[in-house]
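Let's take a friendly walk through a protein model together. Keep the sequence and the 3D view side by side as you read.

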Amino acid sequence: MTERKLKIALQKSGRLSEDSLALLKKCGIGFSNGLGKLRSEANNFPLEIFFLRDDDIPQYVEDKVADIGIVGENVLRENGRDAAAIEKLGFGKCRLSLAVPKSFEYEKLQELNGKRIATTYPKILGEFFKENNINAEIHTISGSVEIAPSIGLADAVCDLVSSGSTLFTNGLREVETVLNSQAVLISRPDLEADLQKTLDKLLFRINAVNSAKQNKYILLNAPNEKLEEIIELLPGMKSPTVLPLAEKNWSSVHSVIKENDFWEVVETLKNKGAEGILVLSIDQMIQ
Ligand code: PRT
Ligand code: ZN
């Protein structure tokens, strides 16, 4: 019997497309994704890829057109019912925020009572207002939310923000975060055992790619009398590798370090006598 393929839905063209494709490629999955293609098949993994509008992905997954998908948490919360996030992917980061015109002297959420708020996220915003006992009028619009106050359609907006420049250029000020979001892998509930097995394989690879992203491979030379102190700073996956250099009383130390810690540690390493420090990216890391 031929192996059944796991079906994944990705955003066709938009902010999540490039990172979603890059993730599959880093997982070693080969496929072609020619311009305008709606469907593709991996050539070395039991995976079929569908390219769709992001808003439709939760529904397609719930209706079993696809088994899994990649969407922003914002889209899952707004449009999803039964599909669940099974893995955070670390890209597509943004926040859904409330913003008011600069002339609005906003101090606290209660000031939005009785106000008109324009958004494309009525469900998430409605839940947020309910939790916070705010009685505001939600105006659902389908796009260009940021211009609603200037044309007199709303008193405030609730929209996605990343750098904040769209709000700024439209004279708006971000005042409350409603939801922090990033891309997530979603799955329909009750996947059949064979598909779950393929998904587990894919998740294993995604985890390897994502842990690699947070870590760097570090190599350095150190005088032997400082080795102990230097090794203490570089615990590595198990413990660092230490190799003798051709030069007497010197060693080369190889280890793995969290990217976030790197700049903190590098200064101390130098002060302790480390030289020739090289830092390399890691493609996959299996722990
Ligand atoms: O065509 P399709 O429906 O598939 O795409 P789309 O236009 O609905 O979505 P797209 O591609 O814009 O975004 C896809 C996903 O990317 C979103 O659902 C979010 O999860 C995530 N994401 C991350 C963002 C942003 N950052 C973002 N900045 N989505 C939208 N924006 C918009 C925002 O709406 C606002 O207009 O960018 C503008 C603000 O950006 P800044 O940098 O000026 O703050
Ligand atoms: Zn969309």
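## Leu109 and its neighbours

Leaving aside residues up to four places away in sequence, Leu109 touches Leu98, Phe128, Asn132, Ile134 and Glu176. You will find Leu109 in the loop between strand 6 (94-101) and strand 7 (116-119). Keep in mind that this is a predicted model.

Is Leu109 buried or exposed? Its relative accessibility is 9%, so Leu109 counts as buried, the limit being under 20%.

One of the contacts of Leu109 is Phe128, and Phe128 is among the buried residues of helix 4, together with Ile124, Leu125 and Phe129.

What do the buried residues of helix 4 pack against? Their partners are helix 3 (73-79), strand 6, strand 7, strand 8, strand 9 and strand 10 (172-181). On the face turned away from the buried side, helix 4 carries the exposed residues Lys130 and Glu131.

Gly126 also belongs to helix 4, which spans residues 122-131. With a relative accessibility of 25%, Gly126 counts as partly exposed. The C-alpha atom of Gly126 is separated by 8.9 Å from that of Ala136, and the two residues are 10 apart along the chain. Just after helix 4 comes Asn133, with a positive phi of about 55°.

## Rings in pairs

How many aromatic pairs does the structure hold? There are 3 of them. One of these is formed by Phe104 and Tyr106: the ring centres are 6.1 Å apart and the planes meet at 55°, so the pair is tilted. Phe104 has a relative accessible area of 15% and is buried, and Tyr106 is buried too, with 9%.

Phe128 and Phe129 make another tilted pair, at 6.2 Å centre to centre and with 50° between the planes. Both of these residues are buried.

## Helix 1 and its packing

Now turn to helix 1 (residues 17-26), where Ser17, Ser20, Leu21, Leu23 and Leu24 are buried. Looking down the axis of helix 1, you would see its buried residues within an arc of 155°, so they line one face of the helix. They pack against strand 1 (6-11), strand 3 (47-52), strand 4 (68-72) and helix 6 (193-213). After helix 1 comes Gly28, which has a positive phi near 80°.

Strand 3, one of those packing partners, contains Glu48. Is Glu48 buried or exposed? At 14% relative accessibility, Glu48 counts as buried. Setting aside residues up to four places away in sequence, Glu48 touches Lys5, Leu6, Lys7, Ile8, Arg39, Ser40 and Glu41.

## Two loop residues with positive phi

Most residues other than glycine have a negative phi. Ser144 is not a glycine, yet its phi is positive, about 45°. Ser144 sits in the loop between strand 8 (137-140) and strand 9 (156-161), and it counts as partly exposed at 45% relative accessibility.

Asn249 likewise has a positive phi, of about 65°, although it is not a glycine. To find Asn249, look in the loop between strand 13 (241-244) and strand 14 (250-258).

## The zinc site

Which residues coordinate the zinc ion (ligand 2)? They are Asp54 (OD) and Asp55 (OD), at 2.0 to 2.1 Å. The site has 4 donor atoms, and the angles among them run from 76 to 170°. For comparison, the ideal angle at a metal with four tetrahedral donors is 109.5 degrees. The site of this zinc ion is classed as irregular. Asp55 has a relative accessibility of 30% and counts as partly exposed.

Finally, zoom out to the protein chain, which is divided into domain 1 (6-91 + 183-212), domain 2 (94-181) and domain 3 (214-281). How far apart do the C-alpha centres of domain 2 and domain 3 lie? The distance between them is 49 Å.

Note on methods. Residues numbered from 1 in each chain as written. Chains lettered and ligands numbered in written order. Predicted model: local features only at pLDDT ≥ 70, side-chain atom pairs only at ≥ 80, totals over all residues. Heavy atoms only, no water. Donors = N, O, S within 2.8 Å, 3.2 Å for Na, K, Ca; no water. Tetrahedral: all angles 85-135°; square planar, octahedral: opposite > 155°, others 65-115°. Buried < 20%, exposed > 50% of the residue type's maximum accessible area, 1.4 Å probe, protein only. Domains from an automatic or database assignment. Helix = DSSP H or I, 4+ residues; strand = E, 2+ residues; numbered from the N terminus. Arc of directions from axis to C-beta. Contact = heavy atoms within 4.5 Å. Phe/Tyr/Trp six-rings, centres within 6.5 Å; stacked < 30°, edge-to-face > 60°.
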